[in-house]
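Here is a short briefing on one chain.

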Amino acid sequence: MPWNLLGHESALALLRRDLAQDRLRHAYLFVGPEGVGKRTLATELARALLCEDAAPPCDHCRHCALVARGAHPDLLTVAPAISGKRVRAEKIRIEPVRQLIYDLSLKPIEAKRRVACLLNFDAANAEAMNALLKTLEEPPGNAILLLTAESADELLLTIVSRCEVIALRPLPLAVVRDALITRWLIPHDQAELLAHLSGGRLGWAVRLAQDAEALEERSRRLDEVQQLLSAPRLARFQYAEKLARESNLDRVQAILELWQSFWRDVLLAGAQATVPLTNLDRQAVIRQIAGRLSPQAAHQTLQAIRRTGELLARNVNARLALETLLLDWPRL
Ligand SMILES: [Zn+2]
(Lines give C-alpha, C1' and ligand atoms only; values in the text may rest on other atoms or scores of the structure.)
Protein backbone atom coordinates (compact mmCIF):
# COMPACT_ATOMS: atom_id res chain seq x y z
CA MET A 1 0.00 0.00 0.00
CA PRO A 2 1.86 3.03 -1.23
CA TRP A 3 1.33 6.14 0.82
CA ASN A 4 3.03 8.84 -1.15
CA LEU A 5 4.70 10.45 1.83
CA LEU A 6 8.15 10.65 3.34
CA GLY A 7 8.71 10.16 7.08
CA HIS A 8 5.95 10.73 9.66
CA GLU A 9 5.99 7.02 10.47
CA SER A 10 4.08 7.16 13.75
CA ALA A 11 1.26 9.23 12.23
CA LEU A 12 1.07 6.75 9.37
CA ALA A 13 1.03 3.77 11.71
CA LEU A 14 -1.89 5.24 13.63
CA LEU A 15 -3.90 5.99 10.49
CA ARG A 16 -3.21 2.57 9.00
CA ARG A 17 -4.39 0.96 12.21
CA ASP A 18 -7.62 3.02 12.22
CA LEU A 19 -8.21 2.04 8.59
CA ALA A 20 -7.40 -1.64 9.04
CA GLN A 21 -9.51 -2.04 12.17
CA ASP A 22 -12.31 0.08 10.76
CA ARG A 23 -12.06 2.39 13.76
CA LEU A 24 -11.99 5.63 11.87
CA ARG A 25 -12.71 8.87 13.70
CA HIS A 26 -15.19 11.43 12.36
CA ALA A 27 -12.42 13.99 12.11
CA TYR A 28 -8.64 14.23 12.07
CA LEU A 29 -6.63 17.37 12.74
CA PHE A 30 -3.05 17.53 11.46
CA VAL A 31 -0.93 20.15 13.17
CA GLY A 32 2.66 21.21 12.53
CA PRO A 33 4.82 24.00 11.05
CA GLU A 34 4.33 25.36 7.55
CA GLY A 35 5.55 22.99 4.84
CA VAL A 36 6.06 19.99 7.15
CA GLY A 37 3.68 17.70 5.24
CA LYS A 38 0.19 18.27 6.70
CA ARG A 39 -1.55 18.78 3.37
CA THR A 40 0.28 15.83 1.80
CA LEU A 41 -0.73 13.52 4.63
CA ALA A 42 -4.35 14.76 4.59
CA THR A 43 -4.52 14.16 0.83
CA GLU A 44 -3.03 10.69 1.21
CA LEU A 45 -5.51 9.84 3.94
CA ALA A 46 -8.34 11.14 1.71
CA ARG A 47 -7.06 8.85 -1.05
CA ALA A 48 -7.05 5.89 1.35
CA LEU A 49 -10.58 6.75 2.54
CA LEU A 50 -11.95 6.88 -1.01
CA CYS A 51 -9.95 3.98 -2.49
CA GLU A 52 -11.83 0.74 -3.03
CA ASP A 53 -8.86 -1.62 -2.77
CA ALA A 54 -8.59 -4.01 0.19
CA ALA A 55 -5.34 -2.32 1.22
CA PRO A 56 -5.90 1.38 0.51
CA PRO A 57 -4.51 3.54 -0.99
CA CYS A 58 -3.72 1.26 -3.93
CA ASP A 59 -2.47 3.68 -6.60
CA HIS A 60 -4.27 1.93 -9.47
CA CYS A 61 -8.03 2.20 -8.86
CA ARG A 62 -10.19 4.91 -10.37
CA HIS A 63 -10.56 6.71 -7.01
CA CYS A 64 -6.82 6.91 -6.37
CA ALA A 65 -6.32 8.31 -9.86
CA LEU A 66 -9.05 10.92 -9.41
CA VAL A 67 -7.66 12.08 -6.04
CA ALA A 68 -4.15 12.29 -7.52
CA ARG A 69 -5.55 14.55 -10.27
CA GLY A 70 -7.40 16.67 -7.72
CA ALA A 71 -10.65 15.73 -9.42
CA HIS A 72 -12.49 13.28 -7.15
CA PRO A 73 -16.15 14.40 -6.88
CA ASP A 74 -16.42 13.11 -3.30
CA LEU A 75 -13.36 14.95 -2.04
CA LEU A 76 -14.39 18.45 -0.97
CA THR A 77 -11.79 21.06 -0.09
CA VAL A 78 -11.84 24.44 1.59
CA ALA A 79 -8.61 26.43 1.91
CA PRO A 80 -7.69 30.08 2.44
CA ALA A 81 -7.64 32.10 -0.76
CA ILE A 82 -4.06 32.81 -1.69
CA SER A 83 -3.27 36.43 -2.22
CA GLY A 84 0.23 37.21 -3.35
CA LYS A 85 2.73 34.68 -2.11
CA ARG A 86 1.46 34.38 1.42
CA VAL A 87 -0.81 31.38 1.92
CA ARG A 88 -2.50 32.78 4.96
CA ALA A 89 -3.13 36.33 3.89
CA GLU A 90 -6.88 35.67 3.55
CA LYS A 91 -9.25 34.38 6.23
CA ILE A 92 -11.54 31.43 5.53
CA ARG A 93 -15.05 32.85 5.63
CA ILE A 94 -18.31 31.21 6.54
CA GLU A 95 -19.76 30.92 3.00
CA PRO A 96 -17.42 28.23 1.63
CA VAL A 97 -17.68 26.32 4.93
CA ARG A 98 -21.51 26.40 4.72
CA GLN A 99 -21.32 25.17 1.14
CA LEU A 100 -18.98 22.37 2.16
CA ILE A 101 -21.32 21.32 4.99
CA TYR A 102 -24.20 21.22 2.51
CA ASP A 103 -22.22 19.25 -0.08
CA LEU A 104 -21.16 16.82 2.63
CA SER A 105 -24.82 16.10 3.38
CA LEU A 106 -25.44 14.88 -0.20
CA LYS A 107 -24.97 11.25 -1.17
CA PRO A 108 -21.50 10.29 -2.41
CA ILE A 109 -21.25 10.37 -6.21
CA GLU A 110 -18.57 7.75 -6.84
CA ALA A 111 -17.11 6.49 -3.59
CA LYS A 112 -18.52 4.90 -0.46
CA ARG A 113 -18.25 8.14 1.48
CA ARG A 114 -17.44 11.82 1.14
CA VAL A 115 -14.27 13.33 2.57
CA ALA A 116 -13.79 17.00 3.41
CA CYS A 117 -10.37 18.67 3.64
CA LEU A 118 -10.26 21.96 5.53
CA LEU A 119 -6.74 23.22 4.99
CA ASN A 120 -5.05 25.83 7.21
CA PHE A 121 -8.24 26.01 9.21
CA ASP A 122 -6.49 28.17 11.81
CA ALA A 123 -7.02 30.87 9.18
CA ALA A 124 -10.82 30.54 9.51
CA ASN A 125 -12.76 33.35 11.14
CA ALA A 126 -14.90 32.72 14.23
CA GLU A 127 -18.14 32.41 12.26
CA ALA A 128 -16.65 29.79 9.94
CA MET A 129 -15.28 27.81 12.92
CA ASN A 130 -18.63 27.88 14.68
CA ALA A 131 -20.43 26.77 11.54
CA LEU A 132 -18.31 23.63 11.41
CA LEU A 133 -18.90 22.50 14.99
CA LYS A 134 -22.14 20.54 14.61
CA THR A 135 -20.93 18.79 11.47
CA LEU A 136 -17.73 17.79 13.26
CA GLU A 137 -19.76 16.15 15.97
CA GLU A 138 -21.97 14.15 13.64
CA PRO A 139 -20.83 14.14 10.03
CA PRO A 140 -23.60 13.01 7.64
CA GLY A 141 -23.40 9.41 6.40
CA ASN A 142 -19.92 8.09 7.06
CA ALA A 143 -18.25 11.28 5.88
CA ILE A 144 -14.86 12.12 7.38
CA LEU A 145 -13.34 15.55 7.93
CA LEU A 146 -9.62 16.26 7.68
CA LEU A 147 -8.36 19.55 9.08
CA THR A 148 -4.88 21.07 9.01
CA ALA A 149 -3.48 23.93 11.10
CA GLU A 150 -0.05 25.18 12.15
CA SER A 151 -1.12 24.96 15.75
CA ALA A 152 -4.25 23.88 17.58
CA ASP A 153 -4.09 27.05 19.70
CA GLU A 154 -5.78 29.20 17.07
CA LEU A 155 -8.74 26.82 16.75
CA LEU A 156 -11.78 26.69 19.00
CA LEU A 157 -11.17 24.22 21.79
CA THR A 158 -14.49 22.59 20.90
CA ILE A 159 -13.17 21.91 17.38
CA VAL A 160 -9.92 20.40 18.63
CA SER A 161 -11.70 18.16 21.14
CA ARG A 162 -13.84 16.62 18.37
CA CYS A 163 -10.79 15.63 16.32
CA GLU A 164 -8.08 13.03 16.58
CA VAL A 165 -5.10 15.39 16.74
CA ILE A 166 -1.98 14.24 14.91
CA ALA A 167 1.16 16.36 15.33
CA LEU A 168 3.72 16.31 12.53
CA ARG A 169 7.32 17.13 13.35
CA PRO A 170 10.13 18.16 10.99
CA LEU A 171 12.10 15.36 9.34
CA PRO A 172 15.83 14.76 9.86
CA LEU A 173 17.77 17.18 7.63
CA ALA A 174 19.48 14.29 5.83
CA VAL A 175 16.10 12.82 4.84
CA VAL A 176 15.02 16.15 3.36
CA ARG A 177 18.35 16.57 1.58
CA ASP A 178 18.26 13.10 0.06
CA ALA A 179 14.65 13.53 -1.07
CA LEU A 180 15.51 16.83 -2.75
CA ILE A 181 18.38 15.14 -4.57
CA THR A 182 16.63 11.96 -5.65
CA ARG A 183 13.02 13.07 -6.18
CA TRP A 184 13.43 16.68 -7.22
CA LEU A 185 16.87 16.30 -8.85
CA ILE A 186 18.32 19.28 -7.00
CA PRO A 187 22.14 19.48 -7.00
CA HIS A 188 23.78 18.26 -3.81
CA ASP A 189 25.03 21.58 -2.38
CA GLN A 190 21.76 23.33 -3.07
CA ALA A 191 19.82 20.43 -1.52
CA GLU A 192 22.01 20.54 1.58
CA LEU A 193 21.40 24.30 1.95
CA LEU A 194 17.65 24.01 1.38
CA ALA A 195 17.39 21.18 3.92
CA HIS A 196 19.11 23.34 6.53
CA LEU A 197 17.04 26.43 5.72
CA SER A 198 13.85 24.38 5.95
CA GLY A 199 14.69 22.98 9.37
CA GLY A 200 13.38 19.60 8.18
CA ARG A 201 10.23 20.76 6.40
CA LEU A 202 10.28 19.06 3.04
CA GLY A 203 7.32 20.87 1.47
CA TRP A 204 8.77 24.20 2.53
CA ALA A 205 12.14 23.29 1.01
CA VAL A 206 10.56 22.20 -2.27
CA ARG A 207 8.60 25.45 -2.53
CA LEU A 208 11.71 27.53 -1.92
CA ALA A 209 13.68 25.46 -4.45
CA GLN A 210 11.11 26.39 -7.08
CA ASP A 211 11.09 30.08 -6.14
CA ALA A 212 14.23 31.59 -7.68
CA GLU A 213 13.08 35.07 -6.76
CA ALA A 214 12.78 34.24 -3.06
CA LEU A 215 16.22 32.60 -3.05
CA GLU A 216 17.72 35.67 -4.70
CA GLU A 217 16.04 37.96 -2.21
CA ARG A 218 17.35 35.88 0.69
CA SER A 219 20.85 36.19 -0.69
CA ARG A 220 20.56 39.94 -1.20
CA ARG A 221 19.10 40.49 2.28
CA LEU A 222 21.95 38.54 3.87
CA ASP A 223 24.49 40.64 1.92
CA GLU A 224 22.76 43.70 3.32
CA VAL A 225 23.03 42.35 6.88
CA GLN A 226 26.78 42.01 6.41
CA GLN A 227 27.02 45.54 4.99
CA LEU A 228 24.93 46.97 7.82
CA LEU A 229 27.36 45.62 10.39
CA SER A 230 30.10 47.93 9.21
CA ALA A 231 27.79 50.75 8.14
CA PRO A 232 27.71 54.15 9.92
CA ARG A 233 24.61 55.22 11.85
CA LEU A 234 23.21 57.27 9.01
CA ALA A 235 23.25 54.32 6.58
CA ARG A 236 21.48 52.11 9.12
CA PHE A 237 18.94 54.83 9.71
CA GLN A 238 18.27 55.13 5.99
CA TYR A 239 18.04 51.37 5.57
CA ALA A 240 15.39 51.12 8.31
CA GLU A 241 13.46 53.98 6.75
CA LYS A 242 13.57 52.37 3.30
CA LEU A 243 12.54 48.97 4.63
CA ALA A 244 9.54 50.42 6.46
CA ARG A 245 8.49 52.43 3.42
CA GLU A 246 8.81 49.67 0.82
CA SER A 247 7.57 46.61 2.67
CA ASN A 248 4.27 45.62 4.19
CA LEU A 249 4.12 44.01 7.62
CA ASP A 250 4.27 40.41 6.35
CA ARG A 251 7.39 41.19 4.41
CA VAL A 252 9.10 42.97 7.28
CA GLN A 253 8.30 40.00 9.54
CA ALA A 254 9.82 37.64 6.96
CA ILE A 255 12.98 39.78 6.89
CA LEU A 256 13.11 39.75 10.70
CA GLU A 257 12.87 35.95 10.59
CA LEU A 258 15.80 35.84 8.21
CA TRP A 259 17.79 38.16 10.49
CA GLN A 260 16.97 35.91 13.43
CA SER A 261 18.25 32.85 11.61
CA PHE A 262 21.47 34.71 10.79
CA TRP A 263 22.06 35.88 14.37
CA ARG A 264 21.12 32.50 15.79
CA ASP A 265 23.87 31.10 13.58
CA VAL A 266 26.33 33.74 14.85
CA LEU A 267 25.43 32.79 18.41
CA LEU A 268 25.81 29.06 17.72
CA ALA A 269 29.12 29.57 15.93
CA GLY A 270 30.41 31.72 18.80
CA ALA A 271 29.43 29.07 21.32
CA GLN A 272 31.24 26.41 19.25
CA ALA A 273 27.96 24.49 19.25
CA THR A 274 27.83 21.22 17.37
CA VAL A 275 24.31 21.93 16.08
CA PRO A 276 24.34 22.59 12.34
CA LEU A 277 24.06 26.21 11.20
CA THR A 278 20.99 27.19 9.20
CA ASN A 279 22.63 29.49 6.67
CA LEU A 280 25.17 26.94 5.47
CA ASP A 281 26.25 29.01 2.46
CA ARG A 282 27.36 31.86 4.79
CA GLN A 283 29.29 29.74 7.26
CA ALA A 284 32.64 31.44 6.68
CA VAL A 285 31.31 34.96 7.23
CA ILE A 286 29.18 33.87 10.19
CA ARG A 287 32.19 32.31 11.92
CA GLN A 288 34.22 35.44 11.22
CA ILE A 289 31.58 37.67 12.80
CA ALA A 290 31.19 35.30 15.75
CA GLY A 291 34.93 35.52 16.32
CA ARG A 292 34.77 39.30 16.64
CA LEU A 293 31.74 39.53 18.93
CA SER A 294 31.00 38.39 22.45
CA PRO A 295 28.28 35.74 22.72
CA GLN A 296 26.37 38.28 24.84
CA ALA A 297 26.33 40.77 21.98
CA ALA A 298 25.01 38.16 19.55
CA HIS A 299 22.43 37.05 22.09
CA GLN A 300 21.25 40.61 22.74
CA THR A 301 20.91 41.28 19.03
CA LEU A 302 18.89 38.12 18.55
CA GLN A 303 16.60 39.04 21.45
CA ALA A 304 16.16 42.57 20.12
CA ILE A 305 15.07 41.21 16.71
CA ARG A 306 12.51 38.95 18.39
CA ARG A 307 11.17 41.85 20.45
CA THR A 308 10.90 44.02 17.35
CA GLY A 309 8.84 41.31 15.67
CA GLU A 310 6.47 41.23 18.64
CA LEU A 311 6.17 45.02 18.67
CA LEU A 312 5.38 45.11 14.96
CA ALA A 313 2.69 42.47 15.44
CA ARG A 314 1.13 44.90 17.92
CA ASN A 315 1.17 47.65 15.29
CA VAL A 316 3.86 49.94 16.63
CA ASN A 317 5.42 52.34 14.11
CA ALA A 318 7.57 50.13 11.87
CA ARG A 319 10.08 52.80 10.93
CA LEU A 320 10.81 53.72 14.56
CA ALA A 321 11.04 50.10 15.66
CA LEU A 322 13.44 49.18 12.84
CA GLU A 323 15.59 52.28 13.42
CA THR A 324 15.93 51.50 17.11
CA LEU A 325 16.81 47.91 16.30
CA LEU A 326 19.44 48.63 13.64
CA LEU A 327 21.11 51.48 15.54
CA ASP A 328 21.66 49.06 18.43
CA TRP A 329 23.28 46.37 16.31
CA PRO A 330 26.97 45.86 17.06
CA ARG A 331 29.40 47.73 14.85
CA LEU A 332 32.22 45.80 13.21
ZN1 LIG B 1 -7.12 2.90 -4.90
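Two strands count as paired if DSSP finds at least two bridges between them. Val 115 is bridged to Ile 144 in S4. The model is a predicted one.

- Five strands form an open sheet in the order S2-S3-S4-S1-S5. The pairing is parallel.
- Strand S2 (75-78) and strand S5 (164-167) are the edge strands, and each pairs on one side only.
- On average, neighbouring strands of this sheet are turned by 15 degrees against each other, with direction ignored.

**Helix H4**
- Helix H4 spans residues 94-105 and lies across S2 and S3. The helix runs at about 170 degrees to S2.
- H4 has 12 residues. From first C-alpha to last, H4 reaches 17 Å, close to the 16 Å expected at 1.5 Å a residue.
- Which residues of H4 are buried? They are Val 97, Leu 100, Ile 101 and Leu 104.
- Seen down the axis of H4, the buried residues fall within an arc of 100 degrees, so they line one face of the helix.
- What covers the buried residues of H4? The cover includes S2, S3 and helix H5 (126-137).
- Glu 95, Gln 99 and Tyr 102 are exposed, on the other side of H4.

**Asn 315**
- Where is Asn 315 found? It sits in the loop between helix H14 (295-313) and helix H15 (318-328).
- Is Asn 315 buried or exposed? Asn 315 has 8 C-beta neighbours inside 10 Å, so it counts as exposed.
- Asn 315 and Glu 34 lie 281 residues apart in sequence. In space, they are 24 Å apart, C-alpha to C-alpha.

Terms used. Residues numbered from 1 in each chain as written. Predicted model: local features only at pLDDT ≥ 70, side-chain atom pairs only at ≥ 80, totals over all residues. Helix = DSSP H or I, 4+ residues; strand = E, 2+ residues; numbered from the N terminus. Buried ≥ 20, exposed ≤ 12 C-beta atoms within 10 Å, placed from the backbone. Axes fitted to C-alpha atoms, helices over the stretch in contact; angles between N-to-C directions. Contact = placed C-beta atoms within 7 Å. Expected span 1.5 Å × (residues − 1). Arc of directions from axis to C-beta.
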